[in-house]
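Keep the structure in view while reading.

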Amino acid sequence: MITTIVCKELKILFASSLAWIFLALMQLVLAWVFLERLHTFLAIQTQLTQLVNPPGITEVIVVPVFSMASVAFLMITPILSMRMLAEERRNHTLVMLISAPISIAAIVLGKFAALMVFFLLALLLIVMLSGSLLAGGTLDFGLLCSNMLGLTLLAACFASLGLYLSSLFSHPALAALSSMGILLLLWLLDIAMLDVAHPVRYLSLFQHFENFNHGLIDTFSLVFCLLFVVTFLVLTMRQLDGERLHG
């Protein structure tokens, strides 16, 4: 049943031009960052050879691309997630969905999985872009895999939060604005406390992504992201379950 929901959501998503526009714009921006960093690397390559442990193409080119991709995911998540539940409620189809002989968990997990398929497709394009560097050099596959894992976890956190906020509103625009506001707040929290060792900074999703971005697969960051995803998926299920019980 989850597979049916995933296929339905993906069909709706890719039937519209929105998903394709986002993928195209994201690749355009990331390709620009990629080429800029490649130009910088080629310009300083002579100086790098004089260093004892010079950074490679992965550190100079790939890492900034993944960092920019994290910001791109933040920007598009509210727009993608707003229609998942808020639009169904506005169109009066959510009542029929939660009244159907299907578990609330299957509904939520199906919609979450559909969002993740989109993000994984975007991630695949980023990896292919990074892989093009193999034509003229070598990649640090450990660092690349760390960035892939970090960006996947970050996307899952964004998707789960966006899905929960979408379950609270009957207007997609309000769901998108609230999701964007909270995600931006978490990002600004990381920027504002960049040089401050304050416990609040650990609430920033970007703080945990930075560990993966730098090649550090930190257990605390891994567990934090997983708990973040599970928490908001459970909250979404409880929200919809309450609507089912109260008709």
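Is Ser179 buried or exposed? Ser179 is buried: its relative accessible area is 0%. The model is a predicted one, and this value is computed from it.

**Two residues inside**

Ser179 sits in helix 7, which covers residues 172–192. Setting aside residues up to four places away in sequence, Ser179 touches Pro78, Ser81, Gly162 and Leu165.

Met116 belongs to helix 5. Its relative accessibility is 10%, and Met116 counts as buried because the cut-off is under 20%. Beyond its neighbours within four places in sequence, Met116 contacts Thr152, Ala155, Ala156 and Ala159. Met116 and Val6 are 110 residues apart along the chain, yet their C-alpha atoms are separated by 9.9 Å.

**The chain as a whole**

The chain has nine helices and zero strands. Read from the N terminus, the order of elements is α-α-α-α-α-α-α-α-α. How does the radius of gyration fit a compact globule, and what is the value for the chain? A compact globule of 247 residues would have a radius of gyration near 18 Å; the chain has 20 Å, which agrees. The C-alpha trace spans about 70 × 40 × 25 Å along its principal axes. Of the 247 residues, 45% count as buried. Among contacts with a separation of 6 or more, 78% come from residues 24 or more positions apart.

**Helix pairs**

| Pair | Axes come within | Crossing angle | Handedness |
|---|---|---|---|
| Helix 1 (residues 2–15) and helix 5 (residues 104–131) | 8 Å | roughly 50° | right-handed |
| Helix 3 (residues 57–90) and helix 5 | 10 Å | roughly 155° | right-handed |
| Helix 3 and helix 8 (residues 205–213) | 10 Å | roughly 155° | right-handed |

Take helix 1 and helix 5. Their axes cross at roughly 50°. That angle makes helix 1 oblique to helix 5. On the helix 1 side, the contact is made by Ile2, Ile5, Val6, Glu9, Leu10, Leu13 and Phe14. Helix 5 brings residues including Ala106, Ile107, Leu109, Gly110, Lys111 and Phe118. By class, this contact has 14 nonpolar, one polar and two charged residues.

Now helix 3 and helix 5. Their axes cross at roughly 155°. Angles over 145 degrees count as roughly antiparallel, so helix 3 and helix 5 are roughly antiparallel to each other. Helix 3 contributes Val62, Val65, Phe66, Ala69, Phe73, Ile76, Thr77, Leu80, Ser81, Met84, Leu85 and Glu88.

Last, helix 3 and helix 8. Their axes cross at roughly 155°. That makes helix 3 roughly antiparallel to helix 8. Which residues of helix 8 take part in this contact? They are Phe206, Phe209 and Asn213. Facing them in helix 3 are Val63, Phe66, Ser67, Ser70, Val71 and Leu74. The residues of this contact divide into six nonpolar, three polar and no charged.

Terms used. Residues numbered from 1 in each chain as written. Predicted model: local features only at pLDDT ≥ 70, side-chain atom pairs only at ≥ 80, totals over all residues. Heavy atoms only, no water. Axes fitted to C-alpha atoms, helices over the stretch in contact; angles between N-to-C directions. Helix = DSSP H or I, 4+ residues; strand = E, 2+ residues; numbered from the N terminus. Parallel < 35°, antiparallel > 145°, perpendicular 65-115°, else oblique. Left-handed = near helix turned anticlockwise from the far one by under 90°. Contact = heavy atoms within 4.5 Å. Nonpolar A, V, L, I, M, F, W, Y, C, P; charged D, E, K, R; others polar. Rg over C-alpha atoms; globule rule 2.2 N^0.38 Å. Buried < 20%, exposed > 50% of the residue type's maximum accessible area, 1.4 Å probe, protein only.
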